[in-house]
Each structure stands twice: as C-alpha cells, then as structure tokens.
Amino acid sequence: MHNIIEEMNLKFLDSAYSNKGRKPAVESKTMLKILVFAYINRKYSARDIEDACKYDIRFRWLLDNGKSPDHVTINRFRNKIYPFMDEILHQLVNLLVEQGEMDLKSVYIDGTKIEANANRYTFVWKKSILKYQEKLIQKILEYFRINENLSSEDCKKLVLLEFNNIRNICKSRNIVFAYGKGKRKLEEQKKYEMLEEWLDKLNIYEKHLNILDERNSYSKTDKDATFMRLKDDHMKNGQLKPAYNIQCATNGGYIVDIEGFSNPTDVRTLVPFMDKLLKNMIQK
C-alpha cells in the first residue's frame, strides 16, 4: 500500500488539501496512506484514526514519526478528496495492470443495495404526487368551467393570471384581510387564499416530479436515495428503505470501477456503468 501510493501522481490533491496557500502539517500522500491503512484495519472514526496516529507504531511509521494529524484535519482531508476518488482509483488500476496484477481481459460486474443514511419515514411517492396533481387540476378546470384537459403548466398559468387579477382588485379596493376566530372573510379574500394555495401546491408537485425524474420515490432527507426492497435485517424487517444500488466491476480480485445509482434495477444501471467503464479503459 505504501509503495503503490508513493508511485502515484497526486499533485492534484495538494491544491485541494492546502489551506489558503499554507503548507499542510501532513503531506497529502501521507494523509491518503493513513486513511487507506485505517480503513483496511476497520478504523472509520476520525478520532479513532487520530489516536492510532499517536499510539500505533504502524501509523507512526507511515508518518515517519512526524506530527500526528488531529480529527479535524482528518475529516477536512476526507471531505476534500471525495471529488478526486475516481482519479485515484484509475491510477491504482493503471499501476496494478503495469505490475501484472490484473489484465482487464475480463471484467466481472455485480451489484448490491446499501441502505442510505436517510429517514425512512420521510418519503415521496411518484404515484401519490401524480394522483394529487390530477385531482387539483380537475378542481381548477371545474372552477374555470373548462371541459378540455390542460397540462399542469397551463393550469399554473391560468391560476397565476386569475391570482394576479384578484390581487389587483383587492389592492384597488383597499380590502383589508380578516384573520382570527369570528372574523368574516370577504369573497375576494377567499378567492385570493384559494388561488394562492393552488399555486403553492402546483409548485410543490412540480418540484417533487423534477426531483423524481424517472424514479418512483425518494427520501426527503436524502433526495438521491430511492426506496428499494432490501434483504431482511436481523429483526426480519424487509420493508422498503431508502438505498443506493452500488455496481462494482472487478478483475483479479481487485476493484476496477465502482458507481452508485439511484435506480433499483440492475437492468437500467448496466448501460451507464458500462459506458463509464469503457471510457476509463480507453483512456488507459
């Protein structure tokens, strides 16, 4: 691990890791070695890695007995190198090919679903959004006495036009809106509030559908996570959970490429994953 990372060209990490042009206390290559070795030994917490750098002789050797990074530095480095992980992996694959550890003549692809770190009870379902949107459109068409079907965008324009008209009427007549228990609302205020509510709902439905795109669901606390059927956990719970579909390509026991998808079916992830894999291989 130490020798392989030493052979890599990781100059691009220096610009990302350096803080306002100042030289970091621990070089980027050394920080990468520490992270990789920590993960190999199942140390994922920044504080655990910090302790290992202080008291574990193997980590002290990687640091060349120099200054130990604290947990803040470790976390900062982790966050900043995420955009460069593909480049690091590709350089690793190139080195393994040069050393005869893999030949890339055959690549094996498999996928697995990993539960996302998201609230499983804050979900949005595409079928429900479409149903609510259709009901609201029908209500709008009945209000305006329109017999033909209109798209959501056309309905939104129609409601917005009427809303602006009612707002101008209220402004020209100096109508003061009434709020609170026992207060009687004028017809203009009722129309204003109804149209405003319709606009808000149409915008919300449109926003949900844009996030969903071709998916059937997503989690509000992690909009990239899709609800998928996972294997039963230790409590025999097999309900739908927010998750990612992870596709992994291997050769000779090494990972050649890896990618996370929001689509639960492997059929729809195969083509984009193969396109990325072939592009990276051609570059090699």
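Where is the place of Asn-65? Asn-65 sits in the loop between α5 (57-62) and α6, where helices (H or I, at least four residues) and strands (E, at least two) are DSSP runs numbered from the N terminus. Before going on, please note that this is a predicted model, in which local features need pLDDT of at least 70, side-chain atom pairs count only at pLDDT 80 or more, and totals for chains, interfaces and linings use all residues. Residues are numbered from 1 along each chain as its sequence is written, and side-chain values use heavy atoms, with hydrogens and water left out.

Asn-65 has a phi near 60 degrees, a positive value in a residue other than glycine. Most residues other than glycine have a negative phi. With 59% relative accessibility, Asn-65 counts as exposed; here buried means under 20% relative accessible area, exposed over 50%, and partly exposed in between (1.4 Å probe, protein chains only). Arg-42 belongs to the loop between α3 and α4 (46-55), and its relative accessibility of 71% makes it exposed.

Step back now into α3 itself. Its 13 residues should span 18 Å at 1.5 Å a residue, and the end C-alpha atoms are 18 Å apart, so the two agree; the expected span is 1.5 Å times one less than the number of residues. Several residues of α3 are buried, including Met-31, Leu-32, Ile-34, Leu-35 and Phe-37. Lys-33 is also among the buried residues of α3, and Glu-6 is in contact with Lys-33 and Lys-29, leaving aside neighbours within four places in sequence. Contact means heavy atoms within 4.5 Å. Glu-6 itself is found in helix α1 and is partly exposed at 39% relative accessibility. Although Glu-6 and Thr-30 are 24 residues apart along the chain, their C-alpha atoms are separated by 9.0 Å.

At least two lining residues come from each of α1 (2-7), α3 (28-40), α6 (71-81), α7 (85-98) and β6 (254-261), and α7 gives the most, with 6 residues. The lining divides into 19 nonpolar, no polar and 2 charged residues. Ala, Val, Leu, Ile, Met, Phe, Trp, Tyr, Cys and Pro count as nonpolar, Asp, Glu, Lys and Arg as charged, and the others, Gly among them, as polar.

Our last stop is Asn-245, in strand β5 (residues 240-251). Asn-245 counts as buried because its relative accessible area is 1%. Its side chain reaches the backbone oxygen of Asn-263 at 3.2 Å, and a polar contact of 3.0 Å joins it to the side chain of Asp-266. A polar contact is a pair of N or O atoms within 3.5 Å; within protein, one must be able to donate a hydrogen and the other to accept it, and residues adjacent in sequence count only if both atoms are side-chain atoms.
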